[in-house]
Each structure stands twice: as structure tokens, then as C-alpha cells.
Amino acid sequence: MNALGKSNWGGLKTAAKSMHEDISTLEKLTPIYKYAMELFRDRGTSHKHLKHEVAVLLWGQLLTKEVFPCKEQWDDFLGEYQKDLPAKKAVTTDVWNMFLEFVRMVRENKEEAVKKVMEDGVWPIIIEAFAGYLRKTVNSFCLKSCY
């Protein structure tokens, strides 16, 4: 708390609210998003990754609809995707950073972003699965009307 210049929980809550307002653009979100990986990564191993549950919570807190137009669909997808995982896979630094790149691509051109992920075959499984989810379940609704 002291690192944020706050000495009590009330001050910390105020700082958190202010920070959420500050991450309403991708440019402001990027350094905080990258720092979140370092701050919350699993310290129990030598690998840099987030526990799946932690990554889902962070995505829920860090991403706003202004930053990621398909946030609602992402939240729905994660709820369904988690049910299908026999064991919750850790989210590696690469997956964490590639998802931010996917968010950037969606903001620039939603249809092209999904098409690129589906055709490339080099994206993390969770991102490829989400692109397929958008095509299949949303019928490209998000791709056309998120803004």
C-alpha cells in the first residue's frame, strides 16, 4: 500500500478506482497489463506463468469494453472454456502477451483479426478457440457491432 502512497484500505480502494479509469485506453493499459504478469505470476515454480484462475480474474479487472470491444464475449467464452478444461492450464507470459496483441488487432480491424488467428495456426490455443467461438456462437455480431 505504501508503494502507492496509500496507508489504509480506503485510500487503496480510491487508488484502484482511479487506476481503472486510467486504463480506459490501450496505450495506458499496456504497461499495467504487462506489470500484472510479473506481479501476480506463480512464484511456486521457476516458470513465468499465471495460474489460470488468476489470469481470468485479471482479464476481468484489467480489460474494459473501451479497450477490448469483445470483452463480454471473452467473459462468456472463458466461463464456457473453463468448464471444458480437465485441468486448468497455466497462462504463460507468451499467451498473456499474445492476448494483448490480439486485443490490439481486434481494435484495428475485428474481422481481419479473427481471420488471421483462424488461418495462421500459430496462436495459443485459447486465442484460436476464442476466435472460433466468435465465428460460431456470436455469428460475427461482436465483429460488426462492438463499437
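Is the crossing of H2 and H5 left-handed or right-handed? The crossing of H2 and H5 is right-handed, the term for a near helix turned clockwise from the far one by less than a right angle. Before going on, note that this is a predicted model, where local features need pLDDT of at least 70, side-chain atom pairs count only at pLDDT 80 or more, and totals for chains, interfaces and linings use all residues. Residues are numbered from 1 along each chain as its sequence is written, and side-chain values use heavy atoms, with hydrogens and water left out.

Back to that helix pair. The axes of helix H2 (residues 26-40) and H5 come within 10 Å and cross at roughly 170 degrees. That makes H2 roughly antiparallel to H5 (angles over 145 degrees). Residues making the contact (heavy atoms within 4.5 Å) include Leu29, Tyr33 and Met37 of H2, and Trp96, Phe99 and Val103 of H5.

Now for the rings. There are 17 aromatic pairs here (ring centres within 6.5 Å). Trp59 lies in helix H3 (residues 52-62) and Phe99 in helix H5 (residues 93-108), so the pair ties together parts 40 residues apart in sequence. Trp59 and Phe99 are buried (under 20% relative accessible area, 1.4 Å probe, protein chains only).

Phe102 and Trp123 are buried too. Finally, one aromatic cluster takes in Tyr33, Trp59, Phe99, Phe102 and Trp123, among others.

Terms used
Phe/Tyr/Trp six-rings, centres within 6.5 Å; stacked < 30°, edge-to-face > 60°. Helix = DSSP H or I, 4+ residues; strand = E, 2+ residues; numbered from the N terminus. Buried < 20%, exposed > 50% of the residue type's maximum accessible area, 1.4 Å probe, protein only. Axes fitted to C-alpha atoms, helices over the stretch in contact; angles between N-to-C directions. Parallel < 35°, antiparallel > 145°, perpendicular 65-115°, else oblique.
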